[in-house]
Amino acid sequence: MLAFIATVLLGTVLLDLATGPARYSLGEIIPALVGADGAAPEIRAILWNIRLPTALMAVTVGAALAVAGAQMQTILANPMASPFTLGISGAAGFGASLALAFGFAILPAFVDYMVPLNALLMALLAAGIIHVFSLQRGATTERIVLLGIALVFSFNAFLTLVQFLASEQAVAAVVFWTMGSLSRVTWPKLGVCIVMLALVLPVFMRRAWSLTTLRLGEDRAASLGIDVRRLKLETMALVALLASVPVAFVGTIGFIGLVGPHIARLLIGEDQRFFLPASALCGALLLSSSSILSKTLVPGTLLPVGIVTAIIGVPFFLALILRDARRG
């Protein structure tokens, strides 16, 4: 199943490379990618400078958001949990907007990296709030969802305030960025996201047994020798990292972290050894497909990819709510 999803993902990446203002065939793309002698230099330049980093960023960001959502659903025992629905993405967005609109750096010593650092620190704050609340007595799944909704509205209000106080030029930059877009991807930004994912994913894979056991309940996990509090705290910190770095570079992209893990769970099950890579592949596939749709839904117009993921994600989110209502 993992091999099948990966094969479909490879197909969507090639289709993403072929799609754009100028459409190319597979026979034109592959020679340009591998540097064959007969490849057209203009196609090679477009692919390597524009389309390839964008297509790979869609894969990387989709994988990061889906893994973050999968781990939030695991440690909170909440099927509605994701960086977007619980406010972590909103917090990262607010932090980044402070840098974009006012040039404000939470850590002045690192002013050159203020956008990603602001996003990371605000995401850590939101994740910390959720984690502390989840440890309280009476912190049911429903109350955690309500806390997440409160965080979403709070950080959206702060973001609106930033737009109100900022200059017109800064507002335009913030608004475009909050829609989520892959159009300004560069190789250095892609490299940062790939390194982040390559560092975090192995940590989760090494804890696959503990995370799988956690799905049986905190008491059962603790009886098997797992330090549940530490596991949840460290997982939330890594989730904040996975959610904030993509937001800092491509803006707010919702519902990938919610939809991707649920598709993986339906296909693979709860065993984290397979569930985690499946979540990453499903998230990458969803965002890669959304990237294609963003270039084809409205001919001649490149839609922000965040709009496309919302179109895909909202019906799925409503379906989850209706399913849980029927079970209740």
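Which helix gives the most to the nonpolar patch? Helix 14 (residues 305-327) does, with three residues; helices (H or I, at least four residues) are DSSP runs numbered from the N terminus. The structure is a predicted model, in which local features need pLDDT of at least 70 and side-chain atom pairs count only at pLDDT 80 or more, while totals for chains, interfaces and linings use all residues. Residues are numbered from 1 along each chain as its sequence is written, and side-chain values use heavy atoms, with hydrogens and water left out.

The nonpolar patch lies on the surface and is formed by Met 179, Leu 293, Leu 297, Val 298, Ile 307, Ile 311 and Ile 312, which together have about 540 Å² of accessible area. Patches are made of residues with over 30% relative accessible area and no salt bridge, nonpolar side chains (Val, Leu, Ile, Met, Phe, Trp, Tyr) being joined within 5 Å and like charges within 9 Å. Accessible areas come from the Shrake-Rupley method with a 1.4 Å probe, and for residues only the protein chains shown count as cover.

The crossing of the two helices is left-handed, that is, the near helix is turned anticlockwise from the far one by less than a right angle.

Backbone angles were also examined. Most residues other than glycine have a negative phi. Ala 77, in the loop between helix 3 (41-76) and helix 4 (88-102), has a positive phi near 50 degrees. Phe 255 likewise has a positive phi, near 75 degrees, and is placed in the loop between helix 11 (228-250) and helix 12 (256-268). With a relative accessible area of 11%, Phe 255 is buried.

Side chains of opposite charge can pair when their charged atoms come close. The count comes to seven salt bridges, each being a side-chain nitrogen of Lys or Arg within 4 Å of a carboxyl oxygen of Asp or Glu. One of them joins Arg 207 and Glu 234 at 2.9 Å, N to O. Arg 207 lies in the loop between helix 8 (187-206) and helix 9 (208-214) and Glu 234 in helix 11, so this pair ties together parts that are 27 residues apart in sequence. Arg 207, at 24% relative accessible area, is partly exposed, and Glu 234 is partly exposed at 25%. A network of salt bridges links Arg 207, Arg 230 and Glu 234.

Another salt bridge is formed by Arg 215 and Glu 270 (3.1 Å, N to O). Because Arg 215 lies in the loop between helix 9 and helix 10 (218-223) and Glu 270 in the loop between helix 12 and helix 13, the pair ties together parts that are 55 residues apart in sequence. Arg 215 is partly exposed at 33% relative accessibility, and Glu 270 is partly exposed at 26%. Glu 270 also meets Arg 265 in a salt bridge (2.9 Å, N to O); Arg 265 is buried, with a relative accessible area of 17%.

Definitions and conventions. Buried < 20%, exposed > 50% of the residue type's maximum accessible area, 1.4 Å probe, protein only.
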